Structure formats: C-alpha cells, structure tokens
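Student: I would like to learn how to read a model like this one. Can we take it feature by feature?

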Amino acid sequence: MTRFRLERRERTPVLVQLLVPVAAVAVALVLCSGLVRLAGTGILHAYGLLFLSTFQTAYDIEDTLIKAAPLLLTGLAVAVAFRARFWNIGAEGQLMAGAVVAGFVGERSWLPAFSLVPLMILGAAAAGALWALLPALLKLRLKVDDVVTTLLLNSIMLYGVMALLEGPWKDPRGGYPNSPSIRPAAEFPILAGTELHLGILVALLATILVWWAMARTTLGFAIRAVGHNPLASAYAGIPVGRIVLLAAIMSGALAGLAGAGEVGGVRYQVTSDLSSGYGYAGIVIATLAELNPLAVVPAALFFAVIFNGAGSMARSTGVPVYLADVIQGVALLSMVAGRLFMVYRLRVAHHA
Amino acid sequence: MLDVLSTLFDVGFFAAIVRISTPLLLATLGECFNERAGVLNLGIEGIMLLGAMTGFTATYFSGSLLVGVLVALSTGAIAGLIMALLTVVLGVSQHVSGIGMTLLTSGFAFYLYRLIFGQPAVPPNVTAMAPVPIPLLSGIPFIGPVFFDQTILTYAAFGAVPVSAYLLFRTPWGLDLRTVGENPHAADAAGVSVWGVRCQVLVLGGAMMALAGAYLTIAQFNAFTFGVVSGRGWVSIALVVFGQWNPWRCAAGALLFAFLEALQLRLQATNTLHLPYEVFLMLPFVLTIIAMALVSRNACAPASLLIPFRKEER
C-alpha cells in the first residue's frame, strides 16, 4: 500500500524558497485565465496588456514606481510585525494615521517652509507607530487579540478621517469631503524631469534600513527569535514584551510613512479613499516575500505592475479591472498553501 | 425633550433595529460556529460580499427570491469549503488565508458583477423580499409590527439564535464541536474526526455568512452596490469576541450594534443631534475594543483557536 505523508524538512533548500512564490503567482495567473476567458478576451492579449502596458513609456514606468512605494512600505510593515508574531492587519489604518498627520503638518502656515517635508515624514511615522502601539500594548498588557483590534482600528481610523473630512477639516473651497491642499512647499521634491517623488526614495531607504536592522542587528535577531519561539527567547533573557512593542512601533511607522508619501507626493491632500487597500495588499506582499525585507521589493513591484496594468487592460478589453484583486487573492492563497512545501516535504511511504 | 424621544424611538425605529440586526445575526452566528471549532474565518467580509452579489444576480435573472437564497447559500458553502481545504486539511495560517479569502471573494464578486452588468448609470434592481406578517402575533401593539411583520430571513436569523445555542450546548454534535475547538487531541482520541467537524462548520458558517450578504441585496435593499457590506463582516468578527463565543451574547451584541446604526440613521434623517454620523458608526468598534480589554483576563476563547490539527504532531 502506498501512502503519502508530510515530513518536516530539516531546512528549506534555497531553490524551493525561490520557486514557491514564483509558482504561487503562476498558479494565480493560470487560475485567473479562466476569468479572462469568461470575459471573452484572449488570455495572452489580456495578460500582455496587464504586464506590458506598464512598460510602454517612461511615464508608465514612473507611474509603476510611484504605485510601488506605498506597497513596499506596507509590505515591510507587515513583514516586520509578522516576524515578531504581532499579527498586524492594521497597516491600512496606520497608513491613514500617517496621512492625516502629514496632511495636517503640510497645511500649517506658521511652520517655516524648509521644515515642512521633514516634519511631515517624521510626524507620519510617529502617528503610524502610535496607532500600532495601542493594539500591541493591549496584546501584551491585557492579552487582547491583536488580529481583531488591528482590524477594528482600521475601521475606527477610517470613520474618524471621514468625520474630519466632512466636518471641521473639510476643504472650504471644494465640494468634496477632502482636506485643504497642503502648501506648495510641503509637496515632496521630485527628481528633475520625472514624476518620481521623495516618497519613493524614502521607501527604498526604509527597505535597506529594515533589512539591515533585521539581518545585522541585535534587535533584528531578537525580533526573529521572539517570532520563532517566544518561550525560548524569554528563557534566553530576551525581553519579549519590549521586543514585540519595538516591532509594532517599527511596523506602524513604516505604514505611516506610506501615508506621508501618498499625501506629500501624490494627492497633496487627505481623502478617505487615499489607501485603496494598500494595507491589505501589504499582507499579500509580505507573505509572498516570505517576510524577507529585500524580497518585498520584487513582490511590491509585481503588484504595482498589475494594479496599474489592470487599468489599461480594462480600458482596451472587456476584462474588468478587478482581475488584479482576484489575482492578488489567489496568489496569497496559493502562497500560503505552497509554503507548506517549504516546511514539509511529501514522502511516499511503501508498506508491505 | 420627551417630544424628541418619542419621535426618535417610535415603532419604525425598533423595526429598523430588527431589520439591521438580521445580517449581523446570521454572519455572527456563522463565525461563532467556526471559532467554537477552532477556526477563525477572516474571509467573512468577502464571503458576505460574494453572497450579496450571487444572491442578487440569481434573483435578478430567475425572478425568484428562493433561487437567490439557494445560490447565495451554495456559493457561501463553496467558499467555506475552500477555507476548510486551506486551514483544516493543509493547516496553513488562518489569519493569512482568511485575508486571502476576503481579497479573493470580494475581487471575484466585483469582477463578475462588472462582467454581467457593466457600469449602468442606475444599478439594476430586484423586487425585494416582502415582509410576511405572522397572523395574530403581528396584531399585538408595538411588539407585532416590530418583530412579527418582517421578512422570512429575519425570522430565520432570530430563530437561529436559540437553535445555535441548542446545537452547541445541548447536542452530541455541539459537544464534539466544542471539544474540537478546545482540545482536538482529546476529541481525536475519543473518536471524533477533528477535520470532519471543522470542515462541516466552515461550510455551514460560509453559507450563513453568504446568506447574511444576500439579505442585504434582496431584502433590506434591492440592489447590489460595491459598498453594500461595508465592514459588517469585520463587525461580526468583533461581535463574536464581544459575545464571548456564546450565541445569546453574540445576538445581544448584534442588537446593540443595530441599535447604534438605527439611531445614527434616525438622527441623520431628523437632524436632531449635530454629531457626525461617523461617530455612531465608529462607536461599536470602540466599545468592542474596550469590552475586549475589560473581559480579556477571563476571556473564554476556544483554546485551540488558530491552531491547525495534525494528528502526528503534538
């Protein structure tokens, strides 16, 4: 009799580590091709547009990089938090917290012009960190489930921002519930001749910094240890609670930075639809990157490509733009399923 | 002052609470079953949206509300089955697969809706489910119009509360289910199929969540809009914690939430209190977090919630 059973691997081969995310995305694309057929469009035609339309002109490429910046930051935010087993589903709310502070600072007329951009960036990071600190403290002090609190804090933040934008903070000159525009001096500087704003540089620097912190510092080691085995870490003298708090602060700050980039570099004001699901996309990106800060870069770029490409695909074919969302969901699910093959290996056991 | 109160809290207001609580009850009870057996289903928000979409579309094309309900139930059951495959059979992270399910099912619902209906200026609509007044009972003053002049789905949702409590606490199946959620190895040793029970409740829960979504599009409203669920799934997740995994308390939480939403709608319509309506929408979330912080010390979350069961591993 032949039986299959899963056997825990001693270590995961590098090839498998590289292959599984690629395979997950491939599975997602194959499964979603059925939906493309349903829309009556050729699969290659639609996928061609989905991927290649974002590389047509220099402008398209810039647009993809602009889209990738918040995805990179929320991806890093989730990667850091998940590493420490702080289940931060709240990057969406932390991003909005950052955006609100960036928008508020950028609008202040009494601040000296040169201080606006740095204050917006620092303020947004602090706001995101605070919004993540609350659920982390509740988890550590009162054992309140972090998944539920971070999820709820997203809604609380969104309704709070909506109330502000329809009430005291509404732009008096506009009919829409938006905040007043930030001062011209608060708009993030752009790379000459392009649309690429400072937020992209911030995202890249943050990636390098997070990678360095996670891979090369004692703090990073402690975060990984706590995530791996909190009991053993505590036994080894690592202050588990403080490490989780630090990871939460880092995570929230990263998401807050994404909010600063969107306000300072893209919208120049705060709107309630500022984050079109970047926080949740961050979970997909971090998972595909296996929580590795450097691998977050290609994952974020991939989703920036398909989010932007889906728009042009929808315009020139009958395929609805929501294909990108379905791909995102299927890729995440196939990745979590595929990860099983990293931890386990399939063994065929023969019995006489 | 009394004048204001009597215009605020009339029969229509309480009937609205009952209507608004219907989808919350269905979804919360579905999630409660899942979590009692040890599986957190964060796919709830997306599954509700999918049920809202498929239930509406099936009703639109068949002209039959029954077909709509059945289609919603089956899509929800399929979504629950996919969730079961991932979290029970493969035993992967429940958080991540739940978020993945929400992304997948909501994207899928939007995709199909756009494909079928395009972008019409006026969203297509169906004849919404009509209330079925219960003879005699609906004649009782106040109580009658509030509770006994509702749609069949509302009766089903309110009936589901005692039925769920009975199933969970008074039947062998419920005992198995709770044991699976508390101590799956003990359940396994006693001959209960842990995977079997968990798969059953995920399918049941998924169907209830999708029905909750369908109630929104074919009974409470009569059309599908992209924001129709707008966080009601996340509310239900909170209500299960708020209700301490007990159907009766979950129902009380759902009614409290519905009260706040009805109050918000009424205040907006009558323009009596000048508070942003978002404050009322936010309030249940804030209350849930406070309640969780207060009860967390003696919280009774199922001990094996979030932990996959593999026979060979301990």
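Tutor: Start with one residue. Leaving aside its neighbours within four places in sequence, A:Gly199 is in contact with A:Ala69, A:Phe188, A:Ala260, A:Gly261, A:Gly264 and A:Gly265. Two residues are in contact if their C-beta atoms, placed from the backbone, lie within 7 Å.

Student: What should I know about the model and its numbering?

Tutor: This is a predicted model: local features need pLDDT of at least 70, side-chain atom pairs count only at pLDDT 80 or more, and totals for chains, interfaces and linings use all residues. Residues are numbered from 1 along each chain as its sequence is written, while chains are lettered from A and ligands numbered from 1 in the order in which they are written.

Student: Where does A:Gly199 lie?

Tutor: In helix H7 (residues 198-216) of chain A. Helices (H or I, at least four residues) and strands (E, at least two) are DSSP runs, numbered from the N terminus.

Student: Is A:Gly199 buried or exposed?

Tutor: Count C-beta atoms, placed from the backbone, within 10 Å of the residue's own: 20 or more others is buried, 12 or fewer exposed, in between partly exposed. A:Gly199 has 27, so it is buried.

Student: How far apart are A:Gly199 and A:Phe221 in sequence and in space?

Tutor: They are 22 residues apart in sequence and 28 Å apart in space, C-alpha to C-alpha.

Student: How do I read the fold of chain A as a whole?

Tutor: Begin with its elements: 13 helices and two strands. Then take the radius of gyration, computed over C-alpha atoms; the globule rule is 2.2 Å times the number of residues to the power 0.38. Chain A has 22 Å, close to the 20 Å that the rule gives for 352 residues, so chain A is as compact as a globular protein of that length. Buried residues make up 55% of chain A. Of its contacts with a separation of 6 or more, 80% join residues 24 or more positions apart.

Student: What are the corresponding values for chain B?

Tutor: Chain B also has 13 helices and two strands. Its radius of gyration is 20 Å, which agrees with the value near 20 Å for a compact globule of 314 residues. Buried residues make up 50% of chain B. Its C-alpha atoms fill a box of roughly 65 × 45 × 40 Å along the principal axes.

Student: How is a helix pair described?

Tutor: Two packed helices are described by the angle between their axes and the distance between the axes. Axes are lines fitted to C-alpha atoms, for helices over the stretch in contact, and angles run from 0 to 180 degrees between N-to-C directions. In chain B, helix H7 (residues 152-170) and helix H12 (residues 247-270) pack at about 155°, with axes 8 Å apart. That makes H7(B) roughly antiparallel to H12(B). Angles under 35 degrees count as roughly parallel, over 145 as roughly antiparallel, 65 to 115 as roughly perpendicular and the rest as oblique.

Student: Which residues make the contact?

Tutor: H7(B) supplies B:Val161, B:Ser164, B:Ala165 and B:Leu168, and H12(B) supplies B:Pro247, B:Trp248 and B:Ala251.

Student: How many residues of each chain meet at the interface?

Tutor: 35 residues of chain B are in contact with 41 residues of chain A. H5(B) gives the largest share of chain B's side, 14 residues.

Student: What confidence does the predictor give the complex?

Tutor: An ipTM of 0.91 and a pTM of 0.93. Per residue, read pLDDT, the predictor's confidence from 0 to 100. Chain B averages 90, and 95% of its residues score at least 70.
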